[in-house]
Amino acid sequence: MAELAVTDLTVEFDSGGYVTRPLDHFGFEADDGEFVAVVGPSGCGKTTMLSCLAGLLTPTSGSIRFRDTEVTTLAGEALGAYRRATVGVVFQAFNLISSLSARGNVMAPLRLAGVPRRRALARTEELLTLVGLEERMGHLPGRMSGGQQQRVAIARALVHEPPLVLADEPTAHLDHIQVEGVLRLLRELAAPGRLVIVVTHDDRITHIADRVIELVPKFAPSDREPEQLVLAAGQLVFRQGDRGDLVYVVEEGEIEIYLERSDGGTERLTVIGPGGYFGELGPTLNLPRSASARASTAARLTGYPVRAFRRRFPSTVGHARSGTGADLSAGTP
Ligand SMILES: Nc1ncnc2c1ncn2[C@@H]1O[C@H](COP(=O)(O)OP(=O)(O)OP(=O)(O)O)[C@@H](O)[C@H]1O
Ligand SMILES: [Mg+2]
C-alpha cells in the first residue's frame with residue numbers, strides 16, 4: 001500500500017461569481033522516503049493541491065490518504081493534530097516573522113506547542129545546524145539571503161519531525177547558488193520515515209526527484225482525424241473547467257455557449273450556428289474551458305485537433321473573437 005494516495009481530487013472555487021475548477025479528478029501515489037516533484041504551469045492548481053495535502057483546504061470531492069489517515073474527513077482536534085504533527089509546510093513566500101531572529105522563528109512553533117524553553121532551544125539549534133545556518137542563528141530574516149531565509153523556513157517546518165514535508169516553489173526566489181543548497185537539503189530530507197513533496201515549475205527539481213507528477217498533462221499535439229459529433233437538443237459538448245483538445249465547427253443546428261455561476265445559475269454568452277466555431281483557446285493555450293457548451297437544438301459538429309483546425313481554417317489564426325467576456329473564442333472560420 002502506498003504511503004500517500006491522492007484519488008479523484010477535485011477543487012472548485014467561486015471566482016468572482018463563476019466556478020473555476022483548478023483540480024479535476026487529480027490523483028497520484030507516493031511511497032515512504034521518496035522525493036516527489038509535482039510540476040505544472042502557473043495557475044494550474046499546485047498551491048491548491050498542496051493546501052489540500054496540508055489539511056488547510058477541504059477539497060470539493062476526492063480522497064487524500066496518508067498512511068492510515070483519510071485527511072479530507074479530519075475535523076476539530078484531529079485536524080489540528082494532523083496539521084501540527086504530521087505535515088511540515090514550507091510556503092511559497094517564506095512567511096518568516098521579520099522581528100524574530102532565525103532562532104526565534106524556528107523556536108516559536110515549539111514554544112506554542114508547549115515545549116519547555118531549554119528543550120525548544122536545543123532542538124532549534126540542532127535544526128538550524130542541520131540546514132547549515134549554525135553561524136546565522138541570531139540574524140533577522142531581513143539580514144539573510146533568500147536561500148538562508150528559505151532554509152530557516154525549512155528548519156521551522158521540521159520542528160515536530162513530520163513524516164510528510166510539503167514545499168511550495170522552494171526555489172522560486174533564489175539565485176542559482178542558493179538553489180543548489182536548498183535542493184540538496186530537501187533531497188537529503190527524503191529518507192525512510194519521511195516523504196517530501198515539492199511543487200514547482202523548476203526543471204532542476206525534476207532531475208533529482210524519485211517521482212515526477214504532472215499536474216496538467218499537456219496535450220500531445222495530435223494529428224488524429226477530425227471527429228463527427230451528433231448531439232440531441234440539450235446535450236453537453238463540454239463543461240466550464242474541463243480540459244479538452246478539440247476545436248468545434250458547427251455543421252448543423254445551434255450551440256449555446258454559457259457561463260456557470262457559483263450560485264448554480266447560468267448566463268448565456270452567445271449562440272453559434274452553422275459555419276461558426278468555438279472552443280479554440282483552451283486547447284491552443286492548454287487552459288481549461290472558460291465556459292460551457294451545449295446543443296440548443298439537435299446539432300452536428302466536427303471536432304478538430306488544433307493542428308488540423310489551423311490547416312483547415314488558416315485564416316482564423318489571430319482573429320479569434322473573444323468579445324464574449326470569456327476566454328472561449330467563437331467565430332466564423
Ligand atoms: N481562494 C481562491 N478563490 C478563488 N480562486 C482561487 C483561489 N485560490 C486559487 N484560485 C484559483 O485557482 C487556480 C489555481 O491556483 P493555484 O494558486 O493553486 O495555482 P499554482 O499552480 O500554485 O500557480 P503558481 O505557479 O502561480 O503559484 C488559479 O486559477 C487561481 O486563480
Ligand atoms: Mg502556487
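Which residues does E134 touch, not counting residues up to four places away in sequence?

1. E134 touches L128 and T129 under that exclusion, where contact requires C-beta atoms, placed from the backbone, within 7 Å. E134 sits in the loop between α4 (117-130) and α5 (146-157); helices (H or I, at least four residues) and strands (E, at least two) are DSSP runs numbered from the N terminus.

2. The model is predicted: local features need pLDDT of at least 70, side-chain atom pairs count only at pLDDT 80 or more, and totals for chains, interfaces and linings use all residues. Residues are numbered from 1 along each chain as its sequence is written, while chains are lettered from A and ligands numbered from 1 in the order in which they are written.

3. E134 counts as exposed because it has 11 C-beta neighbours inside 10 Å. The cut-offs on other C-beta atoms within 10 Å are 20 or more for buried, 12 or fewer for exposed, and partly exposed in between. The C-alpha atoms of E134 and T171 are separated by 21 Å, at 37 residues apart along the chain.

4. The chain has 9 helices and 18 strands. Of its 333 residues, 38% count as buried. The C-alpha trace spans about 75 × 40 × 40 Å along its principal axes. Among contacts between residues at least 6 apart in sequence, 72% join residues at least 24 apart.

5. Ligand 1 is surrounded by 13 residues, the closest being F13, S42, K46, T47 and T48; a residue is near if its C-beta atom, placed from the backbone, lies within 6 Å. Elements giving two or more residues to this shell are β1 (4-15), β2 (18-30) and α1 (46-53). The most come from α1, with 3 residues.

Key. Contact = placed C-beta atoms within 7 Å.
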